[in-house]
Each structure stands twice: as C-alpha cells, then as structure tokens.
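Please look over the sequence and the structure before reading on.

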Amino acid sequence: MREASAIASVKLELLRSGPAHNQLLSPLTSYIALCGSDGPVTLNMPFEQRQLLSRLQRLRYQMDRTQTSEDQRQSELRDLGEVIGKVLGLVPALLSELGSASSGNGRLVHLRLVMSAFELGMVPFETSIAAEGFPGAGSPLFLQTRMPICVTREFRRGRALPIEWNREPRILFAFAAPDGLYVPAESHLQALREAIDPWVKIEEDPRARIEEVKKHLTVLPNASLEQIRTLCASGEFTHVHVLAHGKSFRHCGEERYGLALCAEGSTAVDVVDGERLAIALIASDPLGHTRHRPTLVSLATCDSGNINSPLTPGGSIAHELHAAGIPWVIASQFPLWMKASAVAVRELYSGLLKGTDPRWVLYELRQRLRTDVPETHDWASIVAYSTVSKDFEQQVAQFRDQQMRRRIEVKFERIDELVGANSEAGAERPTLTEAQKQELAPLAAAIRADLESWRAESGCLMPGNTEMAHRFGVSGACEKRLGIAFNQIDESAEQQAYEACRDFYFQAWKLDPCNHWLITQCLAIRAILALRDEEGRSMDRVEQEARQLAADYGVIWQAVRQVVDWRICNLTGREQAYAYSTQAELDLLGTVYAGDMAGEALEGMLVKHCKALREKEIFNAQPLVSARRQFRRYLQDWPSPLWNDLARTALENLSQ
C-alpha cells in the first residue's frame, strides 16, 4: 500500500489583480507565479478567450453537435498539452522544486495549483505535456512514471479549510435519470458495493446482509436536491458520489453547467448549480454553524469541472463545492464516457476506503483510465480540488490503520460467531460442522495476509519504532484469537497460532520496551503456553513450571505493575480505564509470577482494580467489555488451576 510518507508537496500559485470573475483570457494579461522560495515570475497565457473555447470544443468527442474527427481530437489534445506544458516550463522554480521533492525512487510529488481567477480554471492543466527539462519530457506530465506527479487544484483562501479525514466511512450514492435519460447506476452501485465489502459484517441471511450494507452505503435513486438535503441534514456522510447527466443552463446571460437531477415529486429535470448543491450537502444548525460536511464529493457528471464562462460570479460545480468548504471534490472538466465513469468510481473508492492517500489514488486513477479506456482522453478530464492540512499525512495514516483493523475485525466477528467465542462463562461451545471448519481456514488466512501487508508498510525494526511495535502487538493479539478459534478443530494449528502470538508480542516488546500493555501480554502468553490444562499433567508439575516462570520473569512482573500504577495516576478517562484493565490482568498473572505473595492479597488488589474499571464505564464501555472478554478467555480457553478462581472473581466484579 502507498505510504503517506512517500509524498512531497510542491505549491504553484497563479495570481492576478482584480476579482475572480469578469476577466477574459488574453495574452496581454499578466499573472504572478509563485513557487518555492524563489521570487515571483510573470506569466502570460498564450490564449485568447475565443481561441481557447474553440480548442476545448474540439475535445468534446462528437457531442454537442460538433463534428470533430478522432484524428483532430487527438491532435488537439496533444497540441494543447504542449502549449500548457511550455507555460509551466516558464517557472524556473517549478522544475527545481519538483527535482528536490522527488529525492527517492517512486516518491510521489503532489503539485498544488492554487488559483482563484475563473479564467485560469478553464485552462486544462491536467493535459500538460512535459516540457524539456521536466521528467518524462514529451509525454503527459501527470501520466509519466519516471517521477510520479499528482496535480490538484485549490481555491485560494485566507484561512485554512478544516479537514477531518479519519472518520469511519459512510457513503451516499445519489443518481438521477430524469425525463427517460439513462445513467449506468448498476455498474456504479456494483463498484461501490465491492469497495465497501471488506468492512460489511458477514451474514448468512441475505436480508441481514442488506441491512449491514446500509450501515455503510445509502443509495438514493431518482435523486432530487431536496432529498439530498434531507439525507445530509439527518445523517453524517463522509463521502458523497453523484451520478447524473450534465446540462447547460443560462445564468445572467451566460451559459453554465449544472447537474440534471429530478425535480421534487416528479421525473422532470431540475438543473442544479454548484451553489445549490453545496447548500444541500453541508448540514447547518439553526444558527448557521456547520454541523458536518462530507470530506469528499465525487461527481460522475459531464462538465462538472467546466467553468465555461468566467464573466459572472460562481465557477464550475466542483469549484463552487470546494469554495463552499468541501475539502476534496473530484469532477470532470470535459464530457465523461459512461465506461470511464464506472472505471473511475471503482478505482477511486477501492483505494480511498483501503486508506491509500487520495493523491496516490488520483495518480493511479489517471493511469487506469489511460490503459482501460484508451479511446478517450478521460484521464485528462479528471479534475480534483483539494485541501491538504499540515497534519494530513498523519490523518491519512491513522485512517489507514483504522480501516485495516476494521476489516480484520469483520472477519474475527464471523470467526467468533462460528466458534462461540463470545459466549458467557460456563456456556458450552458449539460443535462446528464440516462446512464451518472449511470457512474458518480462509478467514484465518485472509487475516494473516492483511496483517503481513500492514507490517510490511514500514520495514524499520529498530528499537523506539512505536508504530511498528503497535502493529506487531496487534498481530500477536490476532494470533491469540486465532489460537482460540482453532482449539476445536486443529490442535497443531492452535499451538502454531499461540507460538506466533508469543513471537509477535516479544518482537513488539523489543521495539517498544516501556509499553506496559505489551509487557503484560508477553507475560500472559508465556504463562498460557506453559500452564494451560493438559490431560495427565499433575498439580506438582504445574507448580514447578510456575516457580520457574517466577524465577525468570518475576522481577519484570513487579516492575510493570509499578509502571502501570504510575501511569494510572497520570491518565484520565478511556486510557485510565485500559490501565486499570491491565493492572487487573497483572493481578491474575501474579498467581504465576508473584512467588510467595499470598493469594488473598492478589485477590484484594484484583477486586479493587476491577471495581475501579467498572466505575470508568461512564467514559467508554469498550475497556470494560474488553476486560470481561479477556478474563472469560482465561476461564474458558486457557484454564489453569492457578488462576481459575481469580478469573471467576474478576468476572463477578466486572459484571456487578
């Protein structure tokens, strides 16, 4: 998976005096280009307004009554790209910034075009052909592989736009086909359905499965603006995908482009501009404060990124959505083929939901359109308006980690359901059928494959790498759960899982030596492997092995208990609750590692910590649920005469 750390940013600002609108393109108009630490450079666009409109018309395939031949279209695309590439080549700092940004092989460079002038928004910078001296000279600048470059546009504003990327995804798919028009809704829905599938709870009942899908994806057919507004006001959507035809309309005597949605209560056409759509998508309270807004809006609509006329206020649909405060908007500045739109939504959402940085997704989307739909120039049609905050890479990384853990948890929920892992203490585990046993193996293999790819994202195994320690720790926890699952069907696989768990925990401990949770889990798995009930094992043998563990790790047990005590004093809320849970587990493990400490003393401390944990439920119930599950495992899955009584005591005090 692409890493956020492999992205460098280069900003190119294009400025002129005067308002954003009411300025035609002209070679006489001077623009100020700012890039890097170099001084400003004066640029002139080599287009007259009428000339550019004529050239853009030849890129509209054979639509809108144009009779452009395929050869003319391809020639125009090339000529226009070369002209724009030469304009970019007139900014000396741009080439040096690109070169210094791409210091490593395969590193993506994010070129941020920051501009407000509407007439510049008409220029298809995405078609640029790399000029001499630029990477991949003579080929499309944003397709070449020598130095991967992703280009986005940005509305220039005085205050940074807030962005919250790390939210659990919830997608709204709205499509409209008024007056008997056709849109490829089925292929778009299938692409979205496939994209969310790894995070949809596995259900055997089709109706239950549909209800689980609805938790992630809301579909609005025959969409009207009022229906979109109502849904966005009543629910929080992180992503909105709109599929509709683009349609021109007159505004202040000028032709603009809007969305052909359905009129409220009928199938007639309601042409919606960007301003109206932005109001519908951004939910506000009665005082006018924004309650929530989508992080990303994708428009599978012809001309949704086409400004067409810069004379009146307001730009393209995409421009207006971004100006209204939506951080990321993906649109099309030319007519978009239906086949290309289906490819685009599949590539876009499969990458985004995995947690891939959206800039890598955009770069790969252009390449995918170029290879899969070679008869079009839809790769150049894609236009993206973006906002990148200072902590954007960190937000993307956190989101990627959360998505990885969510998709793993979906598989574990199914495994736990199969083997009855969440049953109450004392309840008899179900006997697996042959079909259920066959389902278990591929689920376990898929979990291990996900974890392996997650650990491989950062190969640094040096002490102090807490991120890698976290990933190894999660891998150990997952292997422990797989060991529980294999208990009923394969003793060898169960033992291998527990041994892998031990190895992952100890690797994590070496990377983060002061992490009290990791140390506790290392001690726990060591005791579990040594002291689990085995047929024919005598109590003397159990006590002998416990004495050996106490001799080897007793000092560590005492030290980590002191560390957790200190941590509890400095933590609050959820984190403090988890610390109490760790301390309670250490109390139970004291039956192995405490040596001569009396069982009554351990029991008293365990009761104290369990009660403290239960009191913290008002902050978050998850630590309490997690602790109950862990002590239930000690009783059901890892029973030992040394700790069975304390495990029962813990469950009693956590359930009161």
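What does the accessible surface of the protein come to, and what percentage of it belongs to carbon and sulfur atoms? The accessible surface is about 28,200 Å², and carbon and sulfur atoms account for 49% of that area.

## Overall dimensions and composition

The model described here is predicted. The C-alpha atoms of the protein fill a box of roughly 95 × 55 × 50 Å, taken along the principal axes. The secondary structure consists of 22 helices and 16 strands.

The protein has 656 residues, and 55% of them count as buried. When contacts between residues at least 6 apart in sequence are considered, 73% join residues at least 24 apart.

Strand β4 covers residues 108-115 and is mostly covered, with 8 of its 8 residues buried. In a regular strand, side chains alternate between the two faces of the sheet. In β4, Leu 108, His 110, Arg 112 and Val 114 point one way. Val 109, Leu 111, Leu 113 and Met 115 point the other way, and the residues of both sets are buried.

Which strands pair with β4 in the parallel sense? One is β1 (residues 7-15), which is joined to β4 over 8 bridges. In this pairing, Leu 12 stands opposite Leu 113 of β4. Another is β5 (residues 149-154), which runs parallel to β4 and is joined to it by 6 bridges. Here Val 114 stands opposite Glu 154 in β5.

## The position of Phe 334

Phe 334 is found in a loop, between strand β15 (328-332) and helix α10 (338-354). Is Phe 334 buried or exposed? Phe 334 counts as buried because its relative accessibility is 3%, and buried means under 20%.

Which residues does Phe 334 touch, not counting those up to four places away in sequence? The contacts are with Leu 56, Leu 59, Pro 124, Cys 302, Asp 303, His 377, Ala 380 and Ser 381. A further reference point is Phe 237, which is 97 residues from Phe 334 in sequence and 27 Å from Phe 334 in space, C-alpha to C-alpha.

Definitions and conventions
Residues numbered from 1 in each chain as written. Predicted model: local features only at pLDDT ≥ 70, side-chain atom pairs only at ≥ 80, totals over all residues. Heavy atoms only, no water. Buried < 20%, exposed > 50% of the residue type's maximum accessible area, 1.4 Å probe, protein only. Helix = DSSP H or I, 4+ residues; strand = E, 2+ residues; numbered from the N terminus. Pairing = 2+ DSSP bridges. Contact = heavy atoms within 4.5 Å. Areas by Shrake-Rupley, 256 points an atom, 1.4 Å probe, with all protein chains shown as cover.
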